[in-house]
Amino acid sequence: MQWSTHCNVEDTRWILRERGIPLIGTDPRTFACAVPADLLQHRMRILITSFLEDLLSWTSFDILWAQRYAVESMCRMLYTLKTGEVTSKRAALE
């Protein structure tokens, strides 16, 4: 087994703490640290700069879902960059 930090990133931790719904057990706010808005915004600045290049390294815009994924993801990143919060794809598109 290998330790992975793949999901241990600012936006995922923010979602866990701020939008997590416990089905059983402890509320995530009791164990997950708050993620400041400026930290989320900093991460989005980094992600936005290479997002399309990274995406096109493993898929192509000839595939329709890749086009939708790119637009939705960029909208979410821009929303987070502007507000310091994470939202759903639908809300970001609106």
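**Close-up views of a predicted helical chain**

View 1. From H2, the residues Leu-40, Gln-41, Met-44, Arg-45, Leu-47, Ile-48, Phe-51, Leu-52 and Leu-55 touch Ala-66, Tyr-69, Ala-70, Ser-73, Met-74, Met-77, Leu-78, Thr-80, Leu-81, Lys-82 and Thr-83 of H3. Contact means heavy atoms within 4.5 Å. By class, this contact holds 14 nonpolar, four polar and two charged residues. Nonpolar covers Ala, Val, Leu, Ile, Met, Phe, Trp, Tyr, Cys and Pro; charged covers Asp, Glu, Lys and Arg; the others, Gly among them, are polar.

**View 2. Axes of H2 and H3.** Helix H2 spans residues 37-56 and helix H3 spans residues 64-83. Their axes come within 8 Å and cross at roughly 160 degrees. H2 is therefore roughly antiparallel to H3. Angles over 145 degrees count as roughly antiparallel, under 35 as roughly parallel, 65 to 115 as roughly perpendicular, and the rest as oblique. Axes are lines fitted to C-alpha atoms, for helices over the stretch in contact, with angles from 0 to 180 degrees between N-to-C directions. The crossing of H2 and H3 is left-handed: the near helix is turned anticlockwise from the far one by less than a right angle (clockwise would be right-handed).

**View 3. H1 against H2.** The axes of H1 and H2 lie 9 Å apart, at an angle of about 140 degrees. That angle makes H1 oblique to H2. Glu-10, Asp-11 and Trp-14 of H1 meet Leu-39, Leu-40, Arg-43 and Met-44 of H2. The contact of H1 with H2 has four nonpolar, no polar and three charged residues.

View 4. Helices (H or I, at least four residues) and strands (E, at least two) are DSSP runs, numbered from the N terminus. The C-alpha atoms fill a box of roughly 45 × 40 × 25 Å along the principal axes. Of the 94 residues, 23% are buried (under 20% relative accessible area, 1.4 Å probe, protein chains only).

View 5. pLDDT is the predictor's confidence in each residue, from 0 to 100. Confidence is lowest in helix H1 (residues 10-19), at a mean of 94, and highest in H3, at 97.

**Notes.** Local features need pLDDT of at least 70 and side-chain atom pairs count only at pLDDT 80 or more, while totals for chains, interfaces and linings use all residues. Residues are numbered from 1 along each chain as its sequence is written, and side-chain values use heavy atoms, with hydrogens and water left out.

Note on methods:
Buried means under 20% relative accessible area, exposed over 50%, partly exposed in between (1.4 Å probe, protein chains only).
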